[in-house]
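Here are my notes on this one, point by point. Have the model open while you go through them.

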Amino acid sequence: MKVLITGISGFAGSHLAEYALSKEAEVHGTTRWRSKLENLQEIKDVITLHECDINDSFAFRDIIKKVKPDYIFHLAAQSFVKASWTEPYQTLHTNIIGELNLFEAVRSISNYKPRILIAGSSEEYGHTDVELTEDSPLRPLSPYGVSKVAQDLLGFQYFKSYGMHIIRTRGFNHTGPRRGEVFVCSTFAKQIAEIEKDKSKLPIIKVGNLDAERDFTDVRDMVKGYWLALEKGEPGEVYNICSGKSIPIKNILRKLLSLSKREIKIRNDPERMRPSDLKVLVGNNTKFTEKTGWKPSINIDQTLEDLLNYWREK
Ligand code: GDD
């Protein structure tokens, strides 16, 4: 079986590539000329990379035509919520038009019906204070959230209009080794690792909004979910992938600090605050677990320890 992962060099993309290899798939991925390939170091000799910016419809079409993957995991995106306020155009363009280019590329090939996963987000739900099911209203509070709603609806429309085998997931927060340093668990873990390494550094960790609560899944469980979504999910459907439990960000910080022997002080950094932030995000995963049998297997304590060790080694 042939698999194409857009955004393969990213955090989830690289873990998904490893998982696909463990399933004996032939793995292809798209990268941009400026993509860093360090996440793929261990597997670079057994995968095939194609240089293609998803905004480039012609390059995208050529690659889909050449590879003709059975499964396409569309993960490439501008995925940092905070950056979407400073880069709204780039966020909306890359996320929405990039997906449109993928759909049009697939549609241009006759008698070709791959399974396509669109990686949406819990940010689509936006303003809320209840446990979220797939039927909850979509009220995004960030340009990123809006871009993900558009991706989600475009996926639905292409399924309905053209009968394409499209499955949408709404992934809640995920973390683990290789997480980009701008995201909350990673920025905390990286700062702790730096303080441990450099004894001359002031033992102060900078933080943003610690009052938020998020529903975290280990990235290694998340990518198994992506795989199962294509293997067992119903075309046209949308599924939450989440743990079903929320944890306050301040507890994430506390857990990470407890893994270090250094005495570290906490400092609020106004630069890390957002124009609007979601207070609580917690999802209901019943629809997905019942359909696919997926269950998260790595608990948050293990995930945070692995993440901190990743930064210590780096
Ligand atoms: N990044 C960051 N840095 N966030 C902080 C910090 C900090 O220093 N301190 C507190 N936070 C809070 C944020 O305000 C937010 O409420 C929460 O921690 C999580 O922030 P992020 O890790 O940046 O993730 P996110 O929730 O905005 O978005 C992630 O999850 C989405 C799914 O819900 C990303 O992975 C998205 O791509 C994904 O769709």
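1. Start with strands β5 (residues 115-121) and β6 (residues 165-171), which pair in the parallel sense over seven bridges. Strands here are DSSP E runs of at least two residues and helices are H or I runs of at least four, both numbered from the N terminus; two strands pair if DSSP finds at least two bridges between them. Look at G120: its bridge partner in β6 is R170.

2. A word on provenance: this is a predicted model, where local features need pLDDT of at least 70 and side-chain atom pairs count only at pLDDT 80 or more, while totals for chains, interfaces and linings use all residues. Residues are numbered from 1 along each chain as its sequence is written, and side-chain values use heavy atoms, with hydrogens and water left out.

3. Now zoom out to the sheet. It is open, has seven strands with parallel pairing, and runs β3-β2-β1-β4-β5-β6-β11. At the edges sit β3 (48-51) and β11 (238-241), each pairing on one side only. From one strand to the next the twist averages 20° (axes are lines fitted to C-alpha atoms, for helices over the stretch in contact, and angles run from 0 to 180 degrees between N-to-C directions).

4. Back to R170, as its side chain also meets that of D152 in a salt bridge, 2.7 Å from N to O. That ties strand β6 to helix α5 (residues 143-162), with the two residues 18 apart in the chain. The whole structure has 17 salt bridges, counted as a Lys or Arg side-chain nitrogen within 4 Å of an Asp or Glu carboxyl oxygen.

5. How is the protein split into domains? Domain 1 is 2-174 + 216-241, and domain 2 is 180-214 + 245-281 + 297-313; these bounds come from an automatic or database domain assignment. Their centres, taken over C-alpha atoms, are 27 Å apart.

6. At the interface, 20 residues of domain 1 contact 24 of domain 2 (heavy atoms within 4.5 Å). The buried area is about 1,900 Å², 61% of it from carbon and sulfur atoms; that is accessible area (1.4 Å probe) that two parts lose on being put together, summed over both. On the domain 1 side, F80, K82 and F216 supply 35% of the area buried against domain 2, more than any other three residues.

7. Which side chains does R220 meet in a salt bridge? Those of D306, at 2.9 Å from N to O. The rule finds one salt bridge across the domain interface. Helix α7 (residues 219-232) gives the most to the side of domain 1 that touches domain 2, with three residues.
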